[in-house]
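Please have the sequence and the model at hand while reading.

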Amino acid sequence: MTSQKCIRLLANLEELKRRFGLAPGQLAQKLRALSRCRFDDADSLIRFHETLLFLRAYAPNALVLNQVETILKTFGQRVSQLRDADVDLAPLDDVEVSGIAGTSVTSNFSYAITRWLVHRYPGQLSIDWDWFDEEERFGTTVRRFLPLLEEDAMVEAHVPYRAWLRAAKGRTNELVWLIERFESLELSDPAKAELYDSLKIHVTWKFGLRASRTAMKRPVRKLFFHDKPLIQRRDVSLTSGLSSRPIPVQRISRSEGERVLDMARETSAVRYRELHGFTYGDPSRVLKADLGRGTEVFVMGVPPQQRLPLRAYHAALIFKNGVPVAYFEGLSIFERMESGFNLYYTFREGETAWLYARILRLMRQLLGVTVFSIDPYQVGHENEEGIESGAFWFYRKLGFRPVRPELRRLTLSEERKLAGDPRRRTSKRTLRKLAAGHMLFEMAGRRPRGTAGEWDRFEVRNVGLAVQRYMAREFESDARTIRTESVDVVKNTLKLRTKGWRQSELTALENLGLVLAMIPGIADWSSSEKDLAAGIIRAKGSRDEALYLRLMQKHASLRASFIRFGSTKGLG
């Protein structure tokens with residue numbers, strides 16, 4: 001059993017990590033003592049690990065950082081000791097703390113990530129057959145790779161598919177063999193992915209030290225030591241932050257972009273996560289931004305074949321002193337961005353509000369967005385973690401407002417109650433009510449006169465639903481016909497000559513054409529409006545979606561039509 005002394009030391013360390021600039025000497029002293037402690041239960045070991053990772057990102061000085069690095073190198077051995085002692089290691093698999101050295105993750109990874117893992121770490125992978133329950137589908141699929149399998153599969157009720165697989169793979173790792181067979185199929189990548197993903201194969205990745213959260217870190221030229229108290233939420237103004245001076249940005253090489261994306265996939269996979277922008281990120285278009293205070297952000301888009309039909313897509317991985325601490329996802333149309341910000345559990349006592357404000361400033365700088373939307377899930381809708389953390393008030397105190405009138409009234413009522421009783425805490429029941437709708441932040445003075453609140457009821461899904469209703473009414477629900485005729489209408493109206501267009505530009509025309517063809521009066525647009533619309537279409541299929549957004553922001557008529565389609569559920 002872990003000694004009471006070590007338990008007290010760990011509690012002291014957790015307290016000291018919050019007292020920046022007050023007791024760095026005590027912090028070093030506690031670390032020296034804790035380095036000699038042996039933790040005999042998984043929960044204590046997790047607490048120690050997460051505190052060390054926090055101090056790696058927010059180190060007060062070089063001495064503490066060196067101590068932290070030295071102790072972290074022992075975690076593979078510490079986990080092995082618990083395993084050898086037959087200690088329950090289930091807590092190490094929790095999604096918030098997975099990825100510790102000496103452990104593994106098992107997940108139903110997508111085809112794209114499984115293929116990447118096979119390429120990067122073939123010797124660390126295996127199929128977890130205990131999770132497998134798609135035998136019939138598996139048999140139908142692997143007939144392509146296993147000659148004479150039909151002799152068994154067509155007449156037997158219980159076919160030993162694993163025996164067939166073992167016989168066919170020889171000495172090759174069975175997952176590696178399977179992915180190689182999928183790669184050999186004369187199908188498109190999306191078709192291969194659909195076929196593989198339908199099998200719901202669970203893959204176990206016994207990652208090495210380098211890919212673990214314990215050791216994952218980018219080399220940095222200069223560290224930022226936190227020898228003073230951290231910036232608190234009350235010290236952050238989103239309004240002034242969005243208007244602050246530009247953030248230094250540079251494009252990195254393709255090879256460095258590949259390394260960043262590899263780390264982004266690793267830091268996600270060891271947490272059982274995948275993000276579209278990391279899985280399919282374009283390594284040739286990665287930007288590096290220096291936010292200050294030891295914080296670097298790498299922003300990436302996706303190649304044309306992986307883009308959304310209407311919105312621009314951008315993702316970002318955020319590092320603090322070389323440690324990955326958060327990720328961001330932005331889905332943008334005109335000046336509006338749906339922003340998803342996820343700070344990894346370990347670092348939630350850091351400078352969260354400052355970091356979020358800086359990320360939004362960067363997005364405004366790169367993409368021209370000035371309206372930021374928060375999905376209900378982010379503030380706690382069907383997300384108990386968001387309720388427990390009080391996410392609604394985090395965004396509200398930064399200046400976000402609920403867009404639904406009844407939730408605005410509830411917010412104002414709760415704020416009056418809180419102002420009248422400093423000891424009051426919003427109940428979980430009320431927080432769940434407040435989390436039922438989107439929240440919005442609009443930059444004051446950055447919107448056209450008379451347009452305040454125009455985005456309040458907008459949901460891009462409504463645009464898609466309007467297209468479906470239009471298809472049902474005008475084209476007898478035939479998708480091919482509406483696509484063909486919409487393209488013809490737009491080409492004729494905008495006087496487009498598409499000979500020589502790239503495939504990505506033609507795809508953009510097909511997608512945007514579905515909306516443009518529904519716009520009443522598009523034929524009456526001025527020549528400049530039509531030319532601008534043509535430029536928007538081509539920009540959607542270009543190498544960089546930032547241009548697409550910048551051009552959209554100049555087209556008032558197109559903007560008004562999108563807002564109308566997206567704000568009325570029954571329109572179309």
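A residue counts as buried when its relative accessible area is under 20%, as exposed when over 50%, and as partly exposed in between (1.4 Å probe, protein chains only). The model is predicted, with local features needing a pLDDT of at least 70 and side-chain atom pairs counting only at pLDDT 80 or more, while totals for chains, interfaces and linings use all residues. Residues are numbered from 1 along each chain as its sequence is written, and side-chain values use heavy atoms, with hydrogens and water left out.

**Salt bridges**

- The structure contains 44 salt bridges, a salt bridge being a side-chain nitrogen of Lys or Arg within 4 Å of a carboxyl oxygen of Asp or Glu.
- Arginine 401 and glutamate 442 form a salt bridge through their side chains, at 2.9 Å from N to O.
- Arginine 401 belongs to strand E11 (residues 401-402) and glutamate 442 to strand E12 (residues 439-442), so this pair ties together parts that are 41 residues apart in sequence.
- Helices (H or I, at least four residues) and strands (E, at least two) are DSSP runs, numbered from the N terminus.
- Arginine 401 is partly exposed, at 22% relative accessible area, whereas glutamate 442 is buried, at 16%.
- Glutamate 505 and arginine 502 form another salt bridge, with their closest N and O atoms 3.4 Å apart.
- Glutamate 505 is buried, at 4% relative accessible area, and arginine 502 is partly exposed, at 45%.

- Within helix H13 (residues 254-269), aspartate 262 and arginine 265 are three residues apart, which means about one helical turn separates them.
- The side chains of aspartate 262 and arginine 265 form a salt bridge of 3.4 Å, N to O.
- Aspartate 262 is buried at 13% relative accessibility, and arginine 265 is buried at 10%.

**Packing of helices H1 and H2**

- Helix H1 (residues 4-16) packs against helix H2 (residues 24-34) at an angle of about 150°, and their axes are 10 Å apart.
- Axes are lines fitted to C-alpha atoms, for helices over the stretch in contact, and angles run from 0 to 180 degrees between N-to-C directions.
- Residues in contact (heavy atoms within 4.5 Å) include Leu9, Leu13 and Leu16 of H1 and Leu27, Leu31 and Leu34 of H2.
- The residues of the contact between H1 and H2 comprise nine nonpolar, two polar and one charged.
- Ala, Val, Leu, Ile, Met, Phe, Trp, Tyr, Cys and Pro count as nonpolar, Asp, Glu, Lys and Arg as charged, and the others, Gly among them, as polar.
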